[in-house]
Structure formats: C-alpha cells, structure tokens
Amino acid sequence: AGDTANLFYFSNREGSVRKLAPGIYGLSNHLLDSPWPKVSHGKKTLTALMDGSESDLVDGLLAFLVDPSRPADHLLPDTGVGLQWERLLSSAFITSDDYGTRSSTVLLIARDGHVIFVEQNFSSGGVRVEQNRYAFKVQQAHA
C-alpha cells in the first residue's frame, strides 16, 4: 500500500507493516525479496530496464512476465508442494492443463503522479486474449 510519497509492505507471516526505502524489491508467493530464481531474475531485469524509455520499460517488463523458462532443479525453493509443482511454479509465466497465469500487470507511477497501467490477459494455455492500457495522473497526497 502507498501513496505518491511512501510505500508500505505487510505480510501476514511477518505480522507487521514495513515502510520501504527507495529501491527495487521483488515479490512472489512468499515474503518480500525471497531469493527465488524468478524474483532475483525479475529484479535484475527491472534494474537493466530502468535507464530505457517508458515504452521500453513497459515492453521489457511484459516480456519478462511471459517468460516460461524454468531454473535448474537445484535452484528451486522447497515450499512443500513437491518437485513437479516447484518446477511448474518456478517460471514467471505459468501454464499447465489446469493452472496458470491469467493476467500480467505493469504499473508505473512517476514522481509527478503520471501513471501507466498495462494489463495483459490470457486464456487457458497461455493464449493472449486482451490487453488494456491506461494513462492518467494521480494527485499528490496533502498532509
């Protein structure tokens, strides 16, 4: 949660609210910055894209979010779901007969409040079906 000046993180596993300092963070289905391969790869991807144009950033992030590549088994976390599920869940983009990614979202908020929101939707099997793009400006919060 946050506004144009602050960003906060809460996890029911940690039980407390944490104000985030400026930086790059990664979040998957675990705690903030868990060193899972797709989280680490996502942070590296975002860092590499930061100096490009807004369009390059959006396109690069969407490309990362549809990446089906999987790390080697020895790099997988052990979350207790078994090796087959760990493999399936290890990619940024997940597809299977009965489970998978249905949408990917890129949200950019500039210091001046300019917002770019892009959502790519998928049907079963990972087929792209619809993309929505919105640009708008949010007002800065006043104390």
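Reply: Helices are DSSP runs of H or I with at least four residues, strands are runs of E with at least two, and both are numbered from the N terminus. M50 lies in the loop between α1 and α2. This is a predicted model, in which local features need pLDDT of at least 70, side-chain atom pairs count only at pLDDT 80 or more, and totals for chains, interfaces and linings use all residues. Residues are numbered from 1 along each chain as its sequence is written, and side-chain values use heavy atoms, with hydrogens and water left out.

Me: How many helices and strands does the chain have?

Reply: Three helices and five strands. Read from the N terminus, the order is β-β-α-α-α-β-β-β. The C-alpha trace spans about 50 × 35 × 25 Å along its principal axes.

Me: What share of the 143 residues counts as buried?

Reply: Here 27% of the 143 residues do. Buried means under 20% relative accessible area, exposed means over 50%, and partly exposed is in between (1.4 Å probe, protein chains only).

Me: What share of the contacts joins residues 24 or more positions apart?

Reply: Contact means heavy atoms within 4.5 Å. Take the contacts in the chain with a separation of 6 or more: residues 24 or more positions apart account for 29% of them.

Me: Now a helix pair. At what angle do the axes of α1 and α2 cross?

Reply: Two packed helices are described by the angle between their axes and the distance between the axes. Axes are lines fitted to C-alpha atoms, for helices over the stretch in contact, and angles between N-to-C directions run from 0 to 180 degrees. Helix α1 covers residues 37–49 and helix α2 residues 54–65; their axes come within 10 Å and cross at roughly 165°. The two helices are therefore roughly antiparallel (over 145 degrees).

Me: Is the crossing of α1 and α2 left-handed or right-handed?

Reply: Right-handed. That is, the near helix is turned clockwise from the far one by less than a right angle.

Me: Which residues make the contact?

Reply: From α1, the contact uses K38, H41, G42, T45, L46 and L49; from α2, it uses D56, L57, G60, L61 and F64. Sorted by class, that gives five nonpolar, four polar and two charged residues. Ala, Val, Leu, Ile, Met, Phe, Trp, Tyr, Cys and Pro count as nonpolar, Asp, Glu, Lys and Arg as charged, and the others, Gly among them, as polar.

Me: Which residues form the largest nonpolar core?

Reply: In soluble globular proteins, nonpolar side chains tend to be buried together. A nonpolar core is a set of buried Ala, Val, Leu, Ile, Met, Phe, Trp, Tyr and Cys residues joined through side-chain atoms within 4.5 Å. The largest one here has nine: L49, L57, V58, L61, L62, V106, L108, I116 and V118. At least two residues each come from α2, β3 (103–109) and β4 (114–123). Helix α2 gives the largest share, four residues.

Me: What does L57 touch?

Reply: Setting aside neighbours within four places in sequence, L57 contacts L46, L49 and L108.

Me: Take the loop between α3 and β3. Is T101 buried or exposed?

Reply: T101 sits in that loop, and T101 is buried because its relative accessible area is 12%. Beyond four places in sequence, T101 touches A92, F93, I94 and F122. D98 is also in the loop between α3 (83–89) and β3, but D98 counts as exposed, at 66%.

Me: What is the phi of D33?

Reply: Most residues other than glycine have a negative phi. D33 is not a glycine, yet its phi is positive, about 65°. D33 lies in the loop between β2 (17–19) and α1, and counts as partly exposed at 29%.

Me: Where is N121, and what does N121 touch?

Reply: N121 lies in strand β4 and counts as buried at 15% relative accessibility. Its contacts beyond four places in sequence are R102, S103, V127, R128, V129, E130 and N132.

Me: And A135: buried or exposed?

Reply: Exposed, with a relative accessible area of 56%. A135 belongs to strand β5 (residues 127–137). Residues up to four places away aside, A135 touches H114, V115 and I116. A135 and H114 are 7.3 Å apart, C-alpha to C-alpha, and 21 residues apart in sequence.

Note on methods
Angles under 35 degrees count as roughly parallel, over 145 as roughly antiparallel, 65 to 115 as roughly perpendicular and the rest as oblique.
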